Amino acid sequence: MGALPVFRWRLAPDGYATRRQLRALGLRPGGQPVAAQLERPRRRRDPLVAYLYRVDLAVPVRPMTPARRAALAKANAARRLCPSCRRDAGYVIPAALGCCVPCAYPGPSGSEGSTL
């Protein structure tokens, strides 16, 4: 396989799109290999690179089924559950903290929210 064609930023020919552009069109790469790449030059650093796929080979996005929707809701709910106090935090718990904010930073009068 030869080298990929490289285009300058905003100068890619029609018929190529990034993953985000394909998604906006309701498409996905569908297993096709990267067809080209964009490079955006930066001063004193390596260029930013974006991979391009052929639009004519892209396939439609798979529809969301009830089972996939339920699995996604369950996964998102698990990201909101604090492992320390076992409560729904109401937000996605930051990986840097590992627990909800009241458990990570207990108040001066004890831990509000922690049952440890």
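Colleague: Which residue stands opposite A17 in β5?

Modeller: Y53 stands opposite A17. This is a predicted model, in which local features need pLDDT of at least 70, side-chain atom pairs count only at pLDDT 80 or more, and totals for chains, interfaces and linings use all residues. Residues are numbered from 1 along each chain as its sequence is written, and side-chain values use heavy atoms, with hydrogens and water left out.

Colleague: What makes β2 and β5 a pair?

Modeller: Two strands pair if DSSP finds at least two bridges between them. β2 and β5 (residues 45-54) are joined by 2 bridges and run antiparallel, so they meet that definition. Strands are DSSP runs of E with at least two residues, and helices are runs of H or I with at least four, both numbered from the N terminus.

Colleague: Why is β2 called an edge strand?

Modeller: The open sheet has 4 strands in the order β1-β4-β5-β2, with mixed pairing. β1 (6-8) and β2 (16-17) are the edge strands, as each pairs on one side only.

Colleague: Why is R40 called partly exposed?

Modeller: Buried means under 20% relative accessible area, exposed means over 50%, and partly exposed is in between (1.4 Å probe, protein chains only). R40 has 39% relative accessibility, so R40 counts as partly exposed. This residue lies in strand β4 (residues 36-42).

Colleague: Why does Y105 count as exposed?

Modeller: Y105 has 58% relative accessibility and therefore counts as exposed. Y105 lies in the segment after α3 (101-104).

Colleague: What makes D88 exposed, and where is its place?

Modeller: D88 has 53% relative accessibility and so counts as exposed. The place of D88 is in the loop between α2 (66-80) and α3. Its C-alpha atom is separated by 38 Å from that of G31, 57 residues apart along the chain.
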